[in-house]
Amino acid sequence: MIEHGGEMTIGITTPVGTSFRAKTAFIGKHSQNIALIELPTISDDDLDYYFQEGFWLVVRAISQRGEGALVHFRSQIVQLYLHPIPMVAISVPQTMQVAQLRKEPRYELNLATKVSTEQHHVDGEIRDLSKGGCRFVTAPLAKNFQVGDIVHLHVKVDTRHQVQMAPLHGKICNLQRSLHYARYGVEFDELGQQAAKKLLGHLKFDGTRLTLRA
């Protein structure tokens with residue numbers, strides 16, 4: 001449900017009631033109900049005090065799939081690893097609290113796009129799309145966008161019918177950065193919603209995800 005590299009917020013409470021809160025990233029899930037997360041950048045004293053086996057923590061994360069959801073669950077620290085890569089193993093509970101975020105589903109896809117503002121243009125890839133918005137990624141060293149930026153996403157269409165697609169207009173409403181990519185959420189304006197509706201009409205399911213019709 002949570003993507004690899006996705007941002008998470010963790011809150012640790014010690015047995016005496018002292019609390020610690022930080023942002024980190026999800027690495028992956030082990031088959032034995034164990035999840036691995038990155039160790040936040042903290043002092044040695046805080047590391048020794050808060051990251052002890054058996055301590056409880058509360059995890060909050062955003063799932064970008066489908067309608068989008070806020071995932072919230074209680075977990076325990078299982079193991080702390082400092083070498084070769086600092087990370088923490090935490091338990092995965094049988095149940096989680098999930099609150100839907102979007103009014104409509106988003107469809108997973110991989111569409112090459114050129115993202116432009118008045119100042120610059122960047123190559124990227126649209127990873128999911130709905131009538132009201134989308135999520136796209138760019139290379140980590142590409143020019144960064146900021147929340148509030150107005151962007152135009154020009155989908156690169158390569159079909160035998162040479163269909164012309166209007167650009168997707170919208171505003172950056174959230175962003176996440178990692179070593180591998182920068183990820184942005186876009187909310188479409190009225191023109192963007194019209195373009196998205198037309199683009200969705202030219203997509204087909206290939207058994208895994210949506211692709212453009214040939």
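1. A handy term to begin with: a residue is called buried under 20% relative accessible area, exposed over 50%, and partly exposed in between (1.4 Å probe, protein chains only). With that in hand, Asp123 is partly exposed, because its relative accessible area is 45%.

2. A word on where the values come from. This is a predicted model, in which local features need pLDDT of at least 70 and side-chain atom pairs count only at pLDDT 80 or more, while totals for chains, interfaces and linings use all residues. Residues are numbered from 1 along each chain as its sequence is written, and side-chain values use heavy atoms, with hydrogens and water left out.

3. Asp123 has a charged partner: Lys114 forms a salt bridge with it, and the closest N and O atoms are 2.7 Å apart. A salt bridge here is a side-chain nitrogen of Lys or Arg within 4 Å of a carboxyl oxygen of Asp or Glu. Lys114 is partly exposed too, at 32%.

4. How many salt bridges does this rule give? The count comes to four, including the ones described in this note.

5. Lys23 and Glu7 also form a salt bridge, 3.8 Å from N to O. This pair links distant parts of the chain, 16 residues apart: Lys23 lies in strand 2 (residues 19–30) and Glu7 in strand 1 (residues 7–13). Strands are DSSP runs of E, at least two residues, numbered from the N terminus. Lys23 is exposed, at 56%, whereas Glu7 is partly exposed, at 34%.

6. Finally, look at Glu125 and Arg127, whose side chains meet in a salt bridge at 2.5 Å, N to O. Glu125 is partly exposed, at 25%, and Arg127 is partly exposed, at 29%.

Conventions
Helices (H or I, at least four residues) and strands (E, at least two) are DSSP runs, numbered from the N terminus.
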